[in-house]
Amino acid sequence: MKNSLYFNIKVEEGIFEKIIAEQNTIGYYALPDQEISYLEDYLADFKSKNDYDAIKDIAIIGIGGSSLGPKAIFRALQGIRDFDKRLHLFESTDPASIRSTLNKLDIKNTHFFVISKSGTTIETISVYKYVLSLLKAKDISLDYRFTFVTDDGSKLEAHAKTFNSFVLHIPVNVGGRFSVLSAAGLAPLLLVGVDIQRLLDGAKAIKKSFFEDGYIKETILKKATYYAKNSMHYNINTLFAYSESLDSFTDWYVQLWGESLGKKQKQSSINVGLTPVGLIGPKDQHSFLQLIVEGLRDKSVTVLKIENFDDKIKIPAITLKELEGLDLMNGIAFCDLINLQADSTIEALLDKKDIPIDTITLQHIDEENIGKLIFYYELLTSLVGQMMNVNTYDQPGVESGKKILEGKLIEEKKTFPKKGK
């Protein structure tokens, strides 16, 4: 993984030391170094209680940090590997989405993950209730049909222990949006067939490079400083990924960045934040790029490229009548074309001289490189949060909406008899 900056700034003094200190209380920093024997034991136990080969579908019931991380990793790897099992996600209360996802399942041969750090996430539990009732109506055995991933001692864990199921824990000091490298992300990916050790190895490489003065330290410190110091000017951060396989990764980035950095400053009532935008090239060259190039100068751009697509399909060397002028593309591999498009976008942006831009290049897509990318963005988020003087790890804006929803549900419940429901 290579990160190149096309801007320069002096790194904020003391920020590295603050991140070192933060490791004592924030748990995601330790996840790359974890032993995965507990997950290997889980897999062995799972196989002893289920016909592993017969299971064709793994379904995650979760929302936000409980679903976006594993979804991003699986989606990225789908393009390079054929998995024996399919991964599905119930991450909305939209009834059409629930039905659509259910229709894709071989429900008798599906294992379900119910993932909620608090154990009381309304969206997650509501969908779980529906799935549970459906299984009971079809007289499908619930024995070891579910894996629950939650905080140790949560009400969801207590529920899980009322019947035969599996329970895994999210470390208490790891927040939901930083939990992809915990059991919340690793367990379902393990069942699907992802090499989770290589995923952690990639994250560990970035961690080591940053904390032991490796190649990434100076670059990521400068990038974080630039974003924080210019947050009132370039307050929109666009991640322009040149691969369709990274579309779910940009969704994960949007949640991580937005929910972590959009806050009131500590000991202050000042609202600050950086707005994340996830784009996919070349598709979004024909929409959002126009806004970046000629719109307000309030956006920074990170172009994410894949050096080696491991797929060499080419544009056929044929001539089309009336389109002879386009023969210049004949014989070019699509992997080369998409990178030429990315490079052209980079050059067009640099020509403007007032758009902050950097590039991230992955050698190719695999577990190790995706692990690097994940920890890089988690680390970048923590650095920017420290410099913007916000609590990167809470989400009071989200919690207020949850409390309002609970009140509305209580009121709705009171009207049930009157509405004939």
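What share of the 421 residues of the chain count as buried? The figure is 51%. Keep in mind as you look around that this is a predicted model.

Let us start with the whole chain. Its secondary structure comes to 15 helices and 12 strands. The radius of gyration is 23 Å, close to the 22 Å that the globule rule gives for 421 residues, so the chain is as compact as a globular protein of that length.

Now we can turn to some annotated positions. In an unreviewed entry, UniProt lists Glu-259, His-286 and Lys-402 under "active site". These residues span 144 residues in sequence, and the farthest two C-alpha atoms are 37.3 Å apart, so they do not all gather at one spot. Two of the set, Glu-259 and Lys-402, belong to the lining of the largest pocket.

Take Glu-259 first. You will find Glu-259 in helix 10, which covers residues 247-261. Helix 10 has 15 residues and reaches 21 Å from its first C-alpha to its last, close to the 21 Å expected at 1.5 Å a residue. Several of its residues are buried, including Phe-249, Trp-252, Tyr-253, Leu-256 and Trp-257. The buried residues of helix 10 also include Ser-260 and Leu-261.

What does Glu-259 contact, leaving aside its neighbours within four places in sequence? Its partners include Arg-177, Asp-394, Gln-395 and Val-398.

Lys-402, for its part, sits in helix 14, residues 396-414. Its relative accessible area is 37%, which lies between the 20% and 50% cut-offs, so Lys-402 counts as partly exposed.

Ser-182 is found in the loop between strand 6 (166-169) and helix 7 (183-192). Is Ser-182 buried or exposed? Ser-182 counts as buried because its relative accessibility is 1%, under the 20% cut-off. Not counting residues up to four places away in sequence, Ser-182 touches Leu-31, Gln-34, Tyr-38, Ile-170 and Pro-171.

Asp-213 lies in the loop between helix 8 (196-211) and helix 9 (215-229). Although Asp-213 is a residue other than glycine, its phi is positive, near 60°. Asp-213 is exposed, since its relative accessible area of 55% is over the 50% cut-off. Lys-353 is not a glycine either, and has a positive phi of about 65°. To locate Lys-353, look in the loop between helix 12 (334-352) and strand 12 (357-364). Lys-353 is exposed too, with a relative accessible area of 74%.

One last stop concerns a peptide bond. Which form does the bond from Gly-281 to Pro-282 take, cis or trans? The bond is cis, with omega near 0°. Pro-282 itself is in the loop between strand 10 (275-280) and helix 11 (288-294).

Conventions. Residues numbered from 1 in each chain as written. Predicted model: local features only at pLDDT ≥ 70, side-chain atom pairs only at ≥ 80, totals over all residues. Heavy atoms only, no water. Helix = DSSP H or I, 4+ residues; strand = E, 2+ residues; numbered from the N terminus. Buried < 20%, exposed > 50% of the residue type's maximum accessible area, 1.4 Å probe, protein only. UniProt positions renumbered as here; feature names shortened; annotations may be inferred. 1 Å grid on protein atoms, 1.4 Å probe; cavity = no way out; pocket = protein on both sides within 12 Å on 5 of 7 lines; lining within 4 Å. Contact = heavy atoms within 4.5 Å. Expected span 1.5 Å × (residues − 1). Rg over C-alpha atoms; globule rule 2.2 N^0.38 Å.
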